[in-house]
Amino acid sequence: MNIYINPASKDWHRLSERNIPNDPEVDRAVRGIIESVCNDGDEALRRMAHDFDHTDISSFEVSAEEIAIACETVSPQVKEAILNAKRNVALFHAAQMPKEVEVETMPGVKCVQRPVAIDRVGLYIPGGQAPLFSTVLMLAVPAKIAGCREVILCTPQSHNRPIAPEILYAASICGVDRIFRIGGAQAIAAMAYGTESIPKVDKIFGPGNRFVTKAKQQLSSVVAIDMPAGPSEVLIMADHTASPTFVAADMLSQAEHGSDSQAMLVCSNEKIAYTVRAEIERLSAQLSRSTSVENSLSHSRLMVFNSIDDMIGFVNIYAPEHLIISMENPWKIAESVRAAGSVFIGNYSPESAGDYASGTNHTLPTGGWARSFSGVNIDSFIRKITFQELTRDGLESLATTIITMADAEGLDAHALAVKVRIQ
């Protein structure tokens, strides 16, 4: 890992770059997958399940009996952990429920804003070597609290790797309505367009590999998506009060997500940077996902800044998915943070807490999108509809304003719609 000492501000954007290569082959492949699913529906899904996942699927939907059998195989300890995490996620997200707004802007003019849940949402849960059953909690719990009428879930199944029972258990206790054994870009296309087996949804949520991410981006003109997302990332701010071992462990916990992940350190002196780098080398020898960690760290960075203002300035340009502030007076520093997905305050707030069980959501904007997007929250599952009612007196009091503005814009019929009512 390279260490950069007081990089000039003109270099900050370059040092903020992620390892997200533009791969035209992925783009073309995903376009082909989407076209096939759009044209051939279930037939295309079965063909891709055979070709990509080496499995033959007769029924895409996971049956209630299969779910019940799988739930029995989940250990009591894991079940208890999932239930504890679900409780905290539910408590935090339930507190976010918006209230209806009603305002009489002037006598006889009533305006209302009413929150309404999205009817049908689709959740994508990655499988593979690290089945993210925690993501089921992060998406299904707020969807149900918001009042979505139907929640469906897609997750991959291969010939030698069935759907993780923990995913099915989490989906069961969170009230997911239907589960389908299909993954990859083809699952995103199926939820966007609908097939004979899989219903079309109104909005798609969830992380995934390059193909899944590209499919969500390409289909965003067809179906709403939660946010632009890419490889996961963390940035840690550290000074003399930080534990180098804690910082190193947090960077490694991010690096093990995958080879494209990125871990960044922004610290106040060179000693911290060199000590953290040594701790990363020591601790990484203990980890099982060594290839992912090594590749991720090859494009991660350690940076030293002379001033807190420069540290904060770089953070706001980088706009990290996860930001850990291990510094003196961390809440004061946090007041100046304007771009981050989720912020972890102090030495005893590891990113792992937010990933699993503190209650905040771990589905967050990456790649600098935290400058303009929020992480998943209750509002992600809600639309807000406005209503207005005017009495005759209310309309008469606004008539001159409306007619004057309509005339100025050259929209005669707009003005006429008021005139015929008050004449």
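Me: Which residues of α5 are buried?
Reply: The model is a predicted one, and a residue counts as buried under 20% relative accessible area. In α5 the buried residues are I82, A85, V89 and H93.

Me: Within what arc do the buried residues of α5 fall, seen down the axis?
Reply: An α-helix has 3.6 residues a turn, so residues three or four places apart point the same way. The buried residues of α5 line one face of the helix, because seen down its axis they fall within an arc of 70°.

Me: Which exposed residues does the opposite face of α5 carry, turned away from its buried side?
Reply: The buried side is covered by parts that include α6 (133-146), α7 (165-174) and α15 (351-356). Exposed means over 50% relative accessible area. On the face turned away from the buried side, the exposed residues are P76, Q77, E80 and L91.

Me: How far apart are the end C-alpha atoms of helix α5, and what span should its residues give?
Reply: Helix α5 covers residues 76-94, which is 19 residues. At 1.5 Å a residue these should span 27 Å. The model agrees with this, as the end C-alpha atoms are 26 Å apart.

Me: What is the N to O distance in the salt bridge of R28 with E25?
Reply: R28 and E25 both belong to helix α2 (residues 24-40), and being three residues apart they are separated by about one helical turn. R28 counts as partly exposed, at 48% relative accessibility. In the salt bridge of R28 with E25, the closest N and O atoms are apart by 2.3 Å.

Me: How far apart in sequence are the parts that D177 and K144 tie together?
Reply: D177 and K144 form a salt bridge, with 3.2 Å between the closest N and O atoms. D177 lies in the loop between α7 and β6 (178-181) and K144 in helix α6, so the parts tied together are 33 residues apart in sequence.

Me: What are the relative accessibilities of R47 and D40, whose side chains meet in a salt bridge?
Reply: The N to O distance of this salt bridge is 3.7 Å. Both residues count as partly exposed, R47 at 33% and D40 at 32%.

Me: How many salt bridges does a search of the whole structure find?
Reply: Some salt bridges are linked in a network, which takes in D27, R31 and K214. Over the whole structure, the number of salt bridges found is 20.

Me: Which are the edge strands of the open sheet of five strands?
Reply: The order of this sheet is β6-β5-β4-β7-β8, with parallel pairing. An edge strand pairs on one side only, and here the edge strands are β6 and β8 (224-225).

Me: Which residue of β5 is the bridge partner of Y124?
Reply: Strand β4 (residues 120-124) and strand β5 (residues 150-155) run parallel and are joined by five bridges. The bridge partner of Y124 in β5 is C154.

Me: Which residues point each way from β10?
Reply: In a regular strand the side chains alternate between the two faces of the sheet. Strand β10 (residues 262-267) is mostly covered, with six of its six residues buried. One way point Q262, M264 and V266, and the other way A263, L265 and C267.

Me: With which residues is G367 in contact, leaving aside its neighbours within four places in sequence?
Reply: G367 has its place in the loop between α15 and β14 (382-390) and is partly exposed, with a relative accessible area of 31%. From A229 it is 138 residues away in sequence, yet 7.0 Å in space, C-alpha to C-alpha. With those neighbours left aside, G367 is in contact with R18 and E233.

Me: What share of the contacts with a separation of 6 or more joins residues 24 or more positions apart?
Reply: The protein has 17 helices and 14 strands, and 47% of its 423 residues count as buried. Among contacts with a separation of 6 or more, the share from residues 24 or more positions apart is 76%.

Key: Residues numbered from 1 in each chain as written. Predicted model: local features only at pLDDT ≥ 70, side-chain atom pairs only at ≥ 80, totals over all residues. Heavy atoms only, no water. Helix = DSSP H or I, 4+ residues; strand = E, 2+ residues; numbered from the N terminus. Expected span 1.5 Å × (residues − 1). Buried < 20%, exposed > 50% of the residue type's maximum accessible area, 1.4 Å probe, protein only. Arc of directions from axis to C-beta. Contact = heavy atoms within 4.5 Å. Salt bridge = Lys/Arg side-chain N within 4 Å of Asp/Glu carboxyl O. Pairing = 2+ DSSP bridges.
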